[in-house]
Every structure is written in structure tokens, then in C-alpha cells.
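Trainee: Could you walk me through how to read helix packing in a model like this one?
Mentor: Gladly; let's look at it together.

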Amino acid sequence: MKLDGIWMESIELDKIVPIYVEDVSKRAVEKMVKILERGYQLSSHVIVEKDKTEDKYWLVAGFPEYLAYKKINEKHKRCPRIFCVIQRYSNETEQRIKLLRRMFYHQTTNWLDKHMLIDQMVNDGVQVATIARKLGVTQADIENYFVHPNIPFDIIKQARENEGSLLNIEKIRKLPITSMLKHKLYQRAVLPKRHPARLTTDKLQKISY
């Protein structure tokens, strides 16, 4: 059934291309995998847009569910096709705006997920004022998800790769300490999760005082 440019259809999992990544815990994905293994449906759907020229679908929402379907297909070869909500195609900027609207108003997402999307759009030349207007928020709300230019690029890169807290890194930047000590704290803050030397929020608060 097709209604106002939105419909549901079974499509091949391999044809779905994410336009974003989301910080999803392995435990959350495994829970969804267990639901699928027991023969039940997930409570929410993957949402995609059909590309106008290529035989692929852009994933615009439902990244955790997408990961679960991929996982169960890798384990059991049981979900080569999945039912998705398909929306009318829009350009990449509008896709990201739609996703950010969900993140701001409907989904529980962390700071890094929003930062990554906003950073992608700004790097592609989209004005901050345009993003704010389309989301119905202030420019200051958008700028809260920027990374300060004084933070070294290699630290930002490691934080993204290791799911480090850019909020903690910003707190370190503001500390009244030497640049050498800041860099050491940056490096500790961006270590992979579960690393014994990783800087936690509690440790940072102790340093701050």
C-alpha cells in the first residue's frame, strides 16, 4: 500500500546503504537478534529512501535494527530480504535533516551521533542557519555540537574511532593547565572502551577541582 509517498516493501538487505552511523551497544543489537531468532518481529522498522538512478536504498532511520538484521543474516542466512518503510527520495542534505529531526525530537541519541551528522553537513557547505531553521532550533543549539578548532585533529579522529567522549575532550580543553598536560589527558580520553587507563567523567571531575 502506498500513501503520500510512503509505503512498505520487502527489499534485499545488501541493497541498503546507511547515510549515517549511530553509537549502538553490542548488547542492544544482541537483544534484537534474539527476538528475530525466536521468530518475532522487531517493534520498529528500518526506514529507507529508494535511489532515483541506482538500484539501492538509503538508510535514513533504524540503524540499530539494520545492524540486527545484518547480524542474524551473517549468523543464520535467514534475512536476505527485510520489510522496510520506503519514503520518497530526497537529496542527501534533506535525508540528514530528516534524521536529525528524529534525533532531536523523537529518538534518544547521544551527543556524538548528532555531532557527526551536523559536522558532515557543515563540511559539505550547508550553513548553520539553514540547519537550525530546518530543525526549528537556534543556531546556538547547533553550535553546541561543534568541536573547538584548538582540539588536535588526530584526537578528534581517535575519539570517533574509539567512541570517545568529545564532551570530555571539550572539558579538558577548558582546564587551566599546560598544553602538554592537556594533550596527555586527550590521549587518555580517546583510548578504546574498557581500556584501564581511559579517562572517565568521574576522573575528569576530580582533575577539574
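Mentor: Let's start with handedness: α3 passes α5 in a right-handed crossing. A crossing is right-handed if the near helix is turned clockwise from the far one by less than a right angle, and left-handed if anticlockwise. The contact joins Glu94, Ile97, Leu100, Arg101, Phe104 and Tyr105 of α3 to Ile131, Lys134 and Leu135 of α5, with contact meaning heavy atoms within 4.5 Å.

Trainee: Before we go on, what should I know about the model?
Mentor: This is a predicted model, where local features need pLDDT of at least 70 and side-chain atom pairs count only at 80 or more, while totals for chains, interfaces and linings use all residues. Residues are numbered from 1 along each chain as its sequence is written, and side-chain values use heavy atoms, leaving out hydrogens and water.

Trainee: At what angle do α3 and α5 pack, and how far apart are their axes?
Mentor: Two packed helices are described by the angle between their axes and the distance between the axes. Here α3 (residues 92-105) and α5 (residues 128-135) pack at about 55 degrees, with axes 10 Å apart. Axes are lines fitted to C-alpha atoms over the stretch in contact, and angles run from 0 to 180 degrees between N-to-C directions. Helices are DSSP runs (H or I, at least four residues), numbered from the N terminus. The two are therefore oblique to each other; under 35 degrees counts as roughly parallel, over 145 as roughly antiparallel, 65 to 115 as roughly perpendicular and the rest as oblique.
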